Structures are given as structure tokens and as C-alpha cells.
Amino acid sequence: VIKCKAAVAWEAGKPLSIEEVEVAPPKAHEVRIKIVATAVCHTDAYTLSGADPEGCFPVILGHEGAGIVESVGEGVTKVKKGDTVIPLYIPQCGECKFCKNPKTNLCQKIRITQGKGVMPDGTSRFTCKGKQIYHFMGTSTFSEYTVVADISVAKIDAAAPLDKVCLLGCGISTGYGAAVNTAKVEPGSTCAVFGLGGVGLAVIMGCKTAGASRIIGIDINKDKYAKAKEFGATECISPQDSKKPIQEVLVEMTDGGVDYSFECIGNVGVMRAALEACHKGWGVSVIVGVAAAGQEISTRPFQLVTGRTWKGTAFGGWKSVDNVPKLVTEYMSKKIKVDEFVTHTLPFDKINEAFELMHSGK
């Protein structure tokens, strides 16, 4: 058993608490990882807020991490002690019907136990002050050591800077893949990206890589426009600058609507606007943001009857074990940006400050 520091969420709506936790050794088909770096994501904040129907407490959150394999359980063959890895919240077992189907990346092998905050055998590897602590998204990267299933880990280039590539564990991969895999943006197309946080910037990067000729960034926070343009946005607008609904503004700006739109916020009203900003006959709108529990999307069926398509994406459609190492390689060869997404680097015990920075849009 390893004793180490972790940021424990004892209950919903309260700040994280830095505690000494015990991390049990990996069982069969499990991997224990020394986490070197982790990022914070709105999904962690969403669960912490209490809005997540699957949220269990007390829990160790975190799902954008990178580290070094400390030890492996019986039967683990894909990674060994000392390997550099990224834990994966969407695993890839290669055996279930989802993994065998090229149309999806949603491996279901451990979905039920992962959603309940436990390892595949139904138990936790974390204890603190004598209490069992739940796992989160199968990764729990807000701990100096974590244990994950062997299908939830990608071995990456040992030379990769872990304080950067940890971001490929969720946000960057999700946004980039939404454009190149889910929407399949085409050269010369017009795109609209709603929400210019990390995921939205990654979508812009994907649209640019795919050869889009016009990329419109939409956000009420104008401080984000300069960064969006660095990533490839051709122009940025605020919904607050017009009396008309944003979808009408976009339809007028683009002679009938955009070819592709992306919702990167998790707001069902914006999801509707993103669909309705699409061009009749061929427009495609992709939902990337996660809305709160119980919320529903709506539009007039005529929007779809007249040729628009509504899609969703999880982790950008990437089959994780196969593609995360490739994304790291693309970053190392400067084909995709990662460093530019990092605004602040803080010591682990300042994790609550990191959440404050994220909430304030900084």
C-alpha cells in the first residue's frame, strides 16, 4: 500500500481537501500509476457541483493526467513498470461489440462499474481516514498515485512533457476529434464554434487542420477572442452584441448558415442555436458540451426535415488506446498545438485555485 497526497472531494459543493490517502496495490488486469501532472476540466467541476447524476462522494476527481507506471497486476501485458502513460476515461478493450465497430469509440467493457465509482471487481483502491473513497471516470488523477484498469491506459512516447500531454487525456483530444472525426469538416467549409474555452479552441484547431476557410468563434467573454484567432478563428462575435438571436446573425453572415457548428459549453439553449445556425440541406451540428442532468434539447422537426444533422461526440470519437499515443506523436512533431492551451501551472496543493481560475474564464 502506498501513502500519498490526494485532493479528496468529501461532499458536493465543497472545495477539495488535500489529504493523505492509502492506495492499494493493483489487482489482476490493473495498473498503478504515479501521476506526474494533471489538468482541471469543467467535467470535474460539474460532478463536484452535485449536478452529475452519477456523482458519488467521497471521491478523488480528475481525468486529464499523465504519469509513470509504478506497478502492474497479474495478467497485464500492454504496459510495464516505468512506462510513460496517459489514463483513459473511455477505455478500449478491443473485445466488446463497441470496440469492434469502427463507427464508435464508446467501449462498454467496464462502463457500469466505472459509473459507480469502483474498479471492475466492484471495490475501490483508495482509503482515507478509514473510509473508502470512490474512483472517478476510471482515472482519479487528483492523486499522486492512482489505480486504473489495464484497458484504461495508453502507453506514450517517454520523451513527452507530461505537464503538457496530460491535456490529451480529455479536452484537446475531444475538441480536435469533434472536428476531424465526428463532423469530418471539409476543406473550404464554414464553421461556427460556440464557447471558446479549451475544448472550443481545440475544435477551432481541428477545423483549421481540416482546411475550413471560415471559422467563426462565438463567446460572451471577449477576452477569449485573441486566443481564438491564434488557434485559427477568422472572426469572433458575441451573442450580446445583437438584438437578434445568434442563429439569425450567423445565417445572415454566412449566406444561409454554416456548414458545421459545434456546441462546446453544455447549454441546451446554445445547442439549439448551433443547430439552427446550420445551412439548410447539409449543415451538421455537433454537441460537444455536457449538459446538466435532466436537461433536454429541442428544436422544430422542420430543421431536420430540411436537411440539417444533429450529432454528438465523446472524446472526439478517438478509439483511445490506439489514438492517444498518435496524438502525442502529432504534438511532438508540431502537427497539433498543446503548449498554447496551458495558461497557469500550479503546485498540487493549490488545486482549488485552479478551479477558481477556470470558473472565472482565466
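Q: What share of the contacts in the protein chain with a separation of 6 or more comes from residues 24 or more positions apart?
A: The share is 71%. This is a predicted model, and the figure is computed from its atoms. A contact here means heavy atoms within 4.5 Å.

Q: Which secondary structure elements does the protein chain hold, and how many?
A: There are twelve helices and 16 strands.

Q: How much of the protein chain counts as buried?
A: Of the 362 residues, 54% do. The cut-off for that word is a relative accessible area under 20%. The chain exposes about 16000 Å², and carbon and sulfur atoms supply 53% of that area.

Q: How far apart are the mean positions of the positive and negative charges?
A: They are 3 Å apart. The count behind this is 41 positive and 38 negative charges.

Q: Why is Leu16 called buried?
A: Its relative accessible area is 6%. Buried means under 20%, so Leu16 qualifies. Leu16 is found in the loop between strand E1 (2-9) and strand E2 (17-23).

Q: What does Leu16 touch, leaving aside its neighbours within four places in sequence?
A: Its contacts include Ala7, Val8 and Ala9. Leu48, Leu61 and Phe142 are also among them. Thr190 is 174 residues along the chain from Leu16, and their C-alpha atoms are separated by 42 Å.

Q: Which residues of helix H1 (residues 42-49) are buried, and what covers them?
A: Asp44, Ala45, Tyr46, Thr47 and Leu48 are buried. The cover includes E1, strand E3 (30-39) and helix H12 (351-359). Just after H1, Gly50 takes a positive phi of about 95°.

Q: What makes Leu201 a buried residue?
A: Its relative accessibility is 7%. The cut-off is under 20%, so Leu201 counts as buried. Leu201 is found in helix H6 (residues 198-209). Not counting residues up to four places away in sequence, Leu201 touches Leu196, Lys227, Ala228, Phe231 and Phe341. Glu248 is 47 residues from Leu201 in sequence and 23 Å from it in space, C-alpha to C-alpha.

Q: Why does Ser238 count as buried?
A: Ser238 has a relative accessible area of 5%. That is under 20%, so the word applies. Ser238 is found in the loop between strand E13 (235-237) and helix H8 (246-253). Leaving aside neighbours within four places in sequence, Ser238 is in contact with Asp219, Ile220, Lys222 and Tyr225.

Q: Why is Lys184 called exposed?
A: The relative accessible area of Lys184 is 56%. Exposed means over 50%, so Lys184 passes. Its place is in the loop between helix H5 (171-183) and strand E11 (190-194). Lys184 has a positive phi of about 55° although it is not a glycine.

Q: What makes Asp255 an exposed residue?
A: Asp255 has a relative accessible area of 68%. The cut-off is over 50%, so Asp255 is exposed. Asp255 sits in the loop between H8 and strand E14 (260-263). Its phi is positive, about 55°, although Asp255 is not a glycine.

Q: Where does UniProt place its domain features, and what are those spans made of?
A: An unreviewed UniProt entry places "domain: Alcohol dehydrogenase-like N-terminal" at residues 28-156. That span is 13% helix and 30% strand, with its end C-alpha atoms 22 Å apart. The unreviewed entry places "domain: Alcohol dehydrogenase-like C-terminal" at residues 198-327. Residues 198-327 are 38% helix and 15% strand, and the end C-alpha atoms are 16 Å apart.

Note on methods
Residues numbered from 1 in each chain as written. Predicted model: local features only at pLDDT ≥ 70, side-chain atom pairs only at ≥ 80, totals over all residues. Heavy atoms only, no water. Helix = DSSP H or I, 4+ residues; strand = E, 2+ residues; numbered from the N terminus. Buried < 20%, exposed > 50% of the residue type's maximum accessible area, 1.4 Å probe, protein only. Areas by Shrake-Rupley, 256 points an atom, 1.4 Å probe, with all protein chains shown as cover. Lys, Arg positive; Asp, Glu negative; His and termini not counted. Charge placed at Lys NZ, Arg CZ, Asp CG, Glu CD. UniProt positions renumbered as here; feature names shortened; annotations may be inferred.
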